[in-house]
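Work through the exercises below with the coordinates open. Each task is followed by a solution in steps.

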Amino acid sequence: MPMIKVVYNSSHLLHDPEFELYDGRKSRYPETPDRIETIKTWLEQYGNVEIVNADHGLNKITASLHGSNYEEYFQQISKKADSTGLIPSNFIHDTYAPINSDTYKAARGAIDTALTGATLVASGEKLVYSLCRPPGHHAGGNYMGGYCYFNNAAAAANYLSLSGKVAILDIDYHHGNGTQNIFYERADVLYVSIHADPKLNYPYTNGYENENGRDAGLGYNFNLVVAKNCGIRSYMASLEKALKRIRSFKADYLVVSLGFDGYKDDPIAGFGFEKEDYALIAAAISGLMLPSLIVQEGGYCVEVLGELAQAFLKGWHEYF
Ligand code: SP5
Ligand code: ZN
């Protein structure tokens with residue numbers, strides 16, 4: 001395996017919500033700090049990786065994606081958060097974005113992790129893996145939701161779009177409604193997502209196959225719906241369609257929104273994937289032969305996340 005730069009930032013540890021709230025009922029919050037820690041440990045032990053710390057001097061790049069009002073608001077409410085972590089506001093999409101006093105700092109670290117990866121890819125790295133946490137693809141330009149606060153992958157793609165055409169391939173189990181929304185009217189950033197049926201799965205309001213983009217962006221948003229527990233064979237057919245669309249777009253860069261919540265034992269999701277299926281998926285994607293940034297999104301079966309990340313990197317061989 002060739003040497004791969006893995007971008008990491010420890011401030012994600014500060015964001016550790018006590019519970020998830022839905023319909024007045026509390027349950028375990030699945031988006032936990034050990035998700036990223038276990039991936040990092042596994043990659044360090046078994047892979048040929050160089051851990052790079054996130055650069056925190058990149059905040060001007062965020063402001064162009066998330067309005068400065070949004071970032072200021074977020075910073076202010078993080079200071080005022082109470083024990084429920086739930087703050088009613090226009091900026092918050094659902095009950096899945098609890099805020100504690102350090103959430104802003106953690107989210108800021110996550111977007112810096114993605115942007116650091118993007119700067120490395122722009123300066124010639126072939127493959128970089130940004131260990132973002134909290135995840136980002138449900139966050140829009142001015143809203144948070146679905147465990148996401150800043151849209152890490154969108155910020156990275158937006159940065160890379162200054163140097164060329166960017167395709168985003170989102171293979172998290174859930175549709176990346178925030179990412180779709182951010183680029184919906186743009187033709188220079190293609191958003192392609194394979195995800196579970198939004199009629200039955202979060203985020204419910206978006207992710208349908210007839211959502212193709214608007215105005216200049218018409219034709220540059222491509223949603224592929226697959227069934228829960230569909231299994232790798234049927235998933236690969238959709239992945240081939242996704243890759244075909246990306247090839248015809250002639251992208252200069254690829255951003256992969258990588259969720260591991262397709263794994264068969266994921267507690268909130270699952271496409272029925274085995275561990276080795278992540279190597280097959282990565283091998284297929286690497287056939288695009290594009291300089292690529294992997295951005296961590298979801299995946300909640302913590303005990304296997306390190307192995308899944310390792311399988312993914314090992315499968316990514318063709319481009320090297
Ligand atoms: C980034 C990402 O994967 N976000 C996923 C957001 C999905 N949130 C809604 C899932 C609700 C699951 N609730 C489980 C409660 C079990 N009692
Ligand atoms: Zn997900």
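**Exercise 1. Identify the contact between the side chains of Glu 71 and Arg 108, and say which parts it ties together.**

Step 1. Check the pair in this predicted model. The two side chains meet in a salt bridge, 3.1 Å from N to O. The criterion is a side-chain nitrogen of Lys or Arg within 4 Å of a carboxyl oxygen of Asp or Glu.

Step 2. Glu 71 lies in helix 3 and Arg 108 in helix 4, so the bridge ties together parts that are 37 residues apart in sequence. Helices (H or I, at least four residues) and strands (E, at least two) are DSSP runs, numbered from the N terminus.

Step 3. Check burial. Both Glu 71 and Arg 108 are buried. Buried means under 20% relative accessible area, exposed over 50%, and partly exposed in between, with a 1.4 Å probe and protein chains only.

The ground rules apply throughout: in this predicted model, local features need pLDDT of at least 70 and side-chain atom pairs count only at pLDDT 80 or more, while totals for chains, interfaces and linings use all residues. Residues are numbered from 1 along each chain as its sequence is written, chains are lettered from A and ligands numbered from 1 in the order in which they are written, and side-chain values use heavy atoms, with hydrogens and water left out.

**Exercise 2. Which residue forms a salt bridge with Arg 133, and how far apart are the closest N and O atoms?**

Step 1. The partner is Glu 31, with the closest N and O atoms 2.6 Å apart.

Step 2. Locate both ends. Arg 133 lies in the loop between strand 5 and helix 5 (152-160), and Glu 31 in the loop between strand 3 (25-27) and helix 1 (34-46), so the pair ties together parts that are 102 residues apart in sequence.

Step 3. Read the accessibilities. Arg 133 is at 1% and counts as buried. Glu 31 is buried too, at 0%.

Step 4. Look at the backbone. The peptide bond from Arg 133 to Pro 134 is cis, with omega near -5°. Pro 134 lies in the loop between strand 5 and helix 5.

**Exercise 3. Describe the salt bridge between Lys 5 and Glu 125.**

Step 1. The closest N and O atoms are 2.9 Å apart.

Step 2. The pair links distant parts of the chain. Lys 5 is in strand 1 (residues 4-8), and Glu 125 is in the loop between helix 4 (103-122) and strand 5 (127-130), 120 residues away.

Step 3. Glu 125 is partly exposed at 23%.

Step 4. The structure holds 10 salt bridges.

**Exercise 4. How many residues of helix 5 are buried, and what do they pack against?**

Step 1. Count: 8 of the 9 residues are buried, so helix 5 is mostly covered.

Step 2. Name some. Among them are Asn 152, Ala 153, Asn 158 and Leu 160.

Step 3. Find the neighbours. The buried residues pack against helix 4, strand 6 (166-170), helix 6 (177-183), strand 7 (189-196), strand 9 (253-258) and strand 10 (292-296). Contact means heavy atoms within 4.5 Å.

**Exercise 5. Where do Tyr 147, Asn 229 and Pro 203 lie, and what are their backbone angles?**

Step 1. Tyr 147 has phi near 70°, a positive value in a residue other than glycine. Tyr 147 lies in the loop between strand 5 and helix 5. Tyr 147 is buried, with 7% relative accessible area.

Step 2. Asn 229 has phi near 60°, again positive in a residue other than glycine. Asn 229 sits in the loop between strand 8 and helix 7 (232-249).

Step 3. The peptide bond from Tyr 202 to Pro 203 is cis, with omega near 10°. Pro 203 belongs to the loop between strand 7 and strand 8 (221-226).

**Exercise 6. Summarise the fold of the chain in numbers.**

Step 1. Secondary structure: 9 helices and 10 strands.

Step 2. Burial: 61% of the 320 residues are buried.
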